[in-house]
Amino acid sequence: MSQRNQTLGEFIIENQASFKYTSGELSRLINSIRLAAKVVNHEVNKAGLVDILGAAGDTNVQGEDQQKLDVYANEKFIQTMTNRNIVCGIASEEEDDFITINSQDENHQNKYVVLIDPLDGSSNIDVNVSVGTIFSVFRRVTPVGTPVQLEDFLQKGTNQVAAGYIIYGTSTMLVYTTGDGVNGFTLNPAIGSYYLSHPDMKFPEDGRIYSVNEGNYIHFPQGIKDYIKYCQMEEGDRPYTSRYIGSLVSDFHRNMIKGGIYMYPKSSKASNGKLRLLYECNPMAFLAEQANGKASDGFTRIMEIEPTELHQRVPFICGSKNMVEKAEEFMRKTN
Ligand code: AHM
Ligand code: MG
């Protein structure tokens, strides 16, 4: 089939045979994420209209206020995947512990676990700025048919079988990889279908955008400070331009299309930065690498980091290959 007007549904069916362990299970899983994303999208778009804003009164496991839409998105994704009985476990940034699915049913043969940040960048909701959902999929390592264990979730990023994000922006897009490149689908809200709008997405090797919260500058390691100064210097095609939305999905998405680097380094305030390895950095790193980009903590490839806990944080530098390598060079010089 030509790629013109191809829907996500058609794309999934057409590409199912190219999945490494094809059984249709992964296709069903992507389908359920697509469905939940539509429901969440509907709610996100209504956010300005209804009284759904503000903190829900809970704090999540990182001690941050949860906003109502975080809670809603978390419930929707978990419900959709649980009801459809297509995964054996879910870990969510909004839950203290992982969720075991179907552990009572000895016949369940589901082999995938999903790690999800249901609504990332949630501080942007009440100001009408783009937010996103990030997901990561692994094959379980413990035997099929038994309850999932922590080790099924604490896997290195290199083991991911799929990862992606939904961006609730000026248009809503689902961008994902199953290890064979990155494809982006745009939701036509009138019809409720996603269309392949960005086939085979690639980071330009070089870029001119740097995205970092410069408000934290004085707390950054010397290598990052030096790299930021390098970006600001008048030389060659520099100075670069700075763009920071404070919504990882949106910053990543723009940088992938235009060429750029995103950084959330460690700082004297937060020794491992802010972003979570399993819910944010690993899936974004998989997407970045599949799109010719790079992701590291400044020294080590993100997907090689051995996770030790569900809510682990890591410094994150991600984007156009040459830019990430340059930032790493500065890190090595001073650390
Ligand atoms: P969240 O999961 O609580 O929404 O936090 C993650 C977000 C990222 O989307 C964004 O890049 C970063 O936090 C912004 O943090 P800061 O406001 O410290 O710059
Ligand atoms: Mg998040």
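Reader: What relative accessibility does N292 have?

Author: In this predicted model, N292 is found in the loop between α7 (277-290) and β14 (294-296). Helices (H or I, at least four residues) and strands (E, at least two) are DSSP runs, numbered from the N terminus. Buried means under 20% relative accessible area, exposed over 50%, and partly exposed in between (1.4 Å probe, protein chains only). N292 therefore counts as partly exposed, its relative accessibility being 43%.

Reader: At what pLDDT do side-chain atom pairs count?

Author: Residues are numbered from 1 along each chain as its sequence is written, chains are lettered from A and ligands numbered from 1 in the order in which they are written, and side-chain values use heavy atoms, with hydrogens and water left out. Totals for chains, interfaces and linings in this predicted model use all residues, whereas local features need pLDDT of at least 70 and side-chain atom pairs count only at pLDDT 80 or more.

Reader: What is the omega of the cis peptide bond that joins R238 and P239?

Author: P239 has its place in the loop between α5 (222-232) and β12 (241-242). The cis peptide bond joins P239 to R238, with an omega of about 5 degrees.

Reader: Which residues are closest to ligand 1?

Author: A residue is near a molecule if one of its heavy atoms lies within 4 Å of it. The residues that surround ligand 1 number 17. They divide into 5 nonpolar, 5 polar and 7 charged, where Ala, Val, Leu, Ile, Met, Phe, Trp, Tyr, Cys and Pro count as nonpolar, Asp, Glu, Lys and Arg as charged, and the others, Gly among them, as polar. The closest are D120, Y244, L248, Y262 and Y264.

Reader: How far from an oxygen atom of ligand 1 is an N or O atom in the side chain of E280?

Author: D120 places a polar side-chain atom 2.5 Å from an oxygen atom of ligand 1. For an N or O atom in the side chain of Y244, the distance to a ligand oxygen is 2.5 Å. For E280, the corresponding distance is 3.1 Å.

Reader: What share of the area that ligand 1 exposes alone does the protein bury?

Author: Taken alone, ligand 1 exposes 470 Å², of which the protein buries 85%.  Accessible areas come from the Shrake-Rupley method with a 1.4 Å probe, and for residues only the protein chains shown count as cover.

Reader: Which elements give two or more residues to the shell around ligand 1?

Author: The shell draws at least three residues from each of domain 1 (8-198) and domain 2 (209-334), with bounds from an automatic or database domain assignment. The elements that contribute two or more residues are β5 (112-120) and β13 (260-264).

Reader: Why is helix α6 largely enclosed by the rest of the structure?

Author: Helix α6 spans residues 248-258. Its buried residues are L248, V249, S250, D251, F252, H253, R254, N255 and M256. The helix is followed by G259, whose phi is positive, near 95 degrees. Helix α6 is largely enclosed because, of its 11 residues, the number buried is 9.

Reader: Which side chain makes a polar contact with the side chain of Q6?

Author: Q6 is found in the segment before α1 (8-15) and is buried, at 2% relative accessibility. A polar contact is a pair of N or O atoms within 3.5 Å; within protein, one must be able to donate a hydrogen and the other to accept it, and residues adjacent in sequence count only if both atoms are side-chain atoms. At 3.3 Å, the partner of the Q6 side chain is that of E14.

Reader: How many disulfides does the structure hold?

Author: A disulfide is a pair of cysteine sulfur atoms within 2.5 Å. C318 is buried, with a relative accessible area of 1%, and its sulfur is too far for a bond because the closest cysteine sulfur, in C281, is 8.5 Å away. The number of disulfides is 0.

Reader: How far apart in space are D180 and Q290, C-alpha to C-alpha?

Author: D180 lies in the loop between β8 (172-177) and β9 (182-188) and is exposed, with a relative accessible area of 57%. D180 and Q290 are 110 residues apart in sequence, while their C-alpha to C-alpha distance is 7.0 Å.
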